[in-house]
Every structure is written in structure tokens, then in C-alpha cells.
Amino acid sequence: MTDTTETQTTTTPGQAPTEEAVRPSDRVVDQLPDVDLDAVPTYVVPRRARWCDPVSWQGNAAGADDRVFIARRGRLRREMDVVPHERVQSVRLTQGPIQRRLSLATVHLDTSPGPVHPTAHHRDAVDARALVDAEIGLARRARAGARPDSWMRPPQPPAGPTVAR
């Protein structure tokens with residue numbers, strides 16, 4: 001899910017429409033209530049990435065915890081993609097000629113078609129490879145334990161004591 005600020009118009013019968021600011025993190029909390037976005041460690045890109053992206057290189061960051069992958073980008077227009085690991089279908093590492101010269105790489109997480117395209121731009125090449133390897137393991141474990149009809153629900157404890165016979 002992409003994190004961009006937008007407004008939502010609400011109408012009440014008998015009153016003029018009003019606009020409310022909808023915080024994108026509120027939408028994430030509604031969909032993934034047990035994920036604390038501020039607790040997910042994210043790491044910024046190295047300074048040499050300014051040669052590939054001179055305007056917004058300082059706004060790029062990516063990270064993951066045991067539930068989600070987060071990619072932040074932009075300096076003027078901040079965006080954040082949040083993807084549960086079980087929704088990741090494949091992970092790619094790409095490197096153009098300038099990135100190769102600067103020892104940088106970009107990590108792409110492929111998910112089902114939609115508005116979210118999580119990409120960790122201009123990472124250090126060694127860190128990008130480690131991020132790819134870690135995400136492959138996290139996604140594999142998450143998919144093994146997730147049911148397709150309930151991937152967004154928080155894990156539920158057992159209903160009561162179980163008795164083994």
C-alpha cells in the first residue's frame with residue numbers, strides 16, 4: 001500500500017461538504033493493525049547515491065521486520081510502500097551501468113498488480129544483496145504460514161485450552 005497524503009470529502013445531510021486530511025499511515029493501521037510502522041528499522045542510501053538521484057536521494061530508505069517490508073522515497077513528495085512478506089511473489093536486484101560504477105543496486109519486490117510497486121532505490125550493492133537474501137527467506141516463511149483468505153488478519157491465539165488424547 002502506498003503512503004501519500006490525500007484529502008477525503010465527507011458530507012453530512014443538511015451540512016456543507018468538508019474536507020479532512022487522511023493520513024496514509026491511518027490506512028495502513030486499518031489494514032495491518034498489529035504492525036507498528038515506526039518500529040520497523042529503515043536504512044537510508046549511501047551518500048554516493050546523489051549522483052544517480054540528486055534531488056531525492058536523501059528521502060530514500062528501506063527496511064523490514066518479521067511482518068512487512070517498507071520502502072520510503074521522495075524528498076518533495078514523500079511516499080511509502082508497505083507490503084506484507086506473504087504478498088511478495090519475487091525479489092529482483094537490478095544494477096545499471098552508473099549504479100555498477102558507484103557500487104549501488106536497486107531492489108524490486110514483485111507483488112500482484114496494483115498501485116504498490118515497492119522498490120528500494122540506490123542501495124549499497126552489498127547491502128542490496130543482503131536485503132534480497134533476507135527478503136527471500138522472510139517471504140518464504142510468511143507464505144508457508146499464511147492462509148490465502150486471511151493474510152491481513154492479525155494472528156489469533158487459540159480459542160481455548162486444547163486437550164490431546
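Two strands pair if DSSP finds at least two bridges between them. The views below show a predicted model.

**Figure 1. Pairing of strands β9 and β10.** Strand β9, residues 104-110, runs antiparallel to β10, and four bridges link the two. The contacts of T119, leaving out residues up to four places away in sequence, are A71, T106, V107 and H108. With a relative accessibility of 10%, T119 falls under the 20% limit and therefore counts as buried.

**Figure 2. The open sheet β8-β9-β10.** Three strands form an open sheet in the order β8-β9-β10, and their pairing is antiparallel. The edges are taken by β8 (90-94) and β10 (119-124), each of which pairs on one side only. On average, neighbouring strands of this sheet are turned by 20 degrees against each other, direction ignored.

**Figure 3. Two non-glycine residues with positive phi.** S103 is not a glycine, yet its phi is positive, at about 60 degrees. S103 sits in the loop that lies between α2 (97-102) and β9. Its relative accessible area of 33% makes S103 partly exposed. H122, likewise not a glycine, has a positive phi of about 55 degrees. H122 is placed in strand β10. The relative accessibility of H122 is 11%, so this residue counts as buried.

**Figure 4. Strands β4, β5 and β6.** Strand β4 (residues 43-44) pairs with β5 in the antiparallel sense through two bridges. Across this pairing, Y43 stands opposite A62 of β5. On β5 and β6 the pairing is again antiparallel, here over four bridges. A64 has F69, in β6, as its bridge partner.

**Figure 5. Helix α3 and its start.** Helix α3 covers residues 125-145, 21 residues in number, and spans 31 Å from its first C-alpha to its last. This length is close to the 30 Å expected at 1.5 Å a residue. At the start of the helix, a side-chain oxygen of D124 comes to within 3.2 Å of the backbone nitrogen of V126.

**Figure 6. The buried residues of helix α3.** Which residues of α3 are buried? They are A128, L131, V132, E135, G137, A139 and A142. An α-helix has 3.6 residues a turn, so residues three or four places apart point the same way. Among the elements that cover the buried residues of α3 are β5 (61-64), β6 (68-73), β8, β9 and β10.

Figure 7. A139 belongs to helix α3. Why does A139 count as buried? Its relative accessible area is 2%, and buried means under 20%. Apart from neighbours within four places in sequence, A139 is in contact with H85 and V88. Between the C-alpha atoms of A139 and V91 the separation is 9.4 Å, although the two residues are 48 residues apart along the chain.

**Figure 8. The chain as a whole.** The secondary structure amounts to three helices and ten strands. Read from the N terminus, the order of elements is β-β-β-α-β-β-β-β-β-α-β-β-α. Of the 165 residues in the chain, 37% are buried. Among contacts with a separation of 6 or more, 45% are between residues 24 or more positions apart.

**Figure 9. Segments with pLDDT under 50.** For the chain, the mean pLDDT is 79, and 70% of the residues reach 70 or more. Over residues 2-12, pLDDT stays under 50, and the model has 36 contacts beyond four places in sequence for this segment. Residues 16-23 also remain under 50 in pLDDT, with 19 contacts beyond four places in sequence. Where pLDDT is low, the predicted coordinates should not be read in detail.

Technical notes: Residues are numbered from 1 along each chain as its sequence is written. This is a predicted model: local features need pLDDT of at least 70, side-chain atom pairs count only at pLDDT 80 or more; totals for chains, interfaces and linings use all residues. Side-chain values use heavy atoms; hydrogens and water are left out. Axes are lines fitted to C-alpha atoms, for helices over the stretch in contact, and angles run from 0 to 180 degrees between N-to-C directions. The expected span of a helix is 1.5 Å times one less than its number of residues. Buried means under 20% relative accessible area, exposed over 50%, partly exposed in between (1.4 Å probe, protein chains only). Contact means heavy atoms within 4.5 Å. A polar contact is a pair of N or O atoms within 3.5 Å; within protein, one must be able to donate a hydrogen and the other to accept it, and residues adjacent in sequence count only if both atoms are side-chain atoms. pLDDT is the predictor's confidence in each residue, from 0 to 100.
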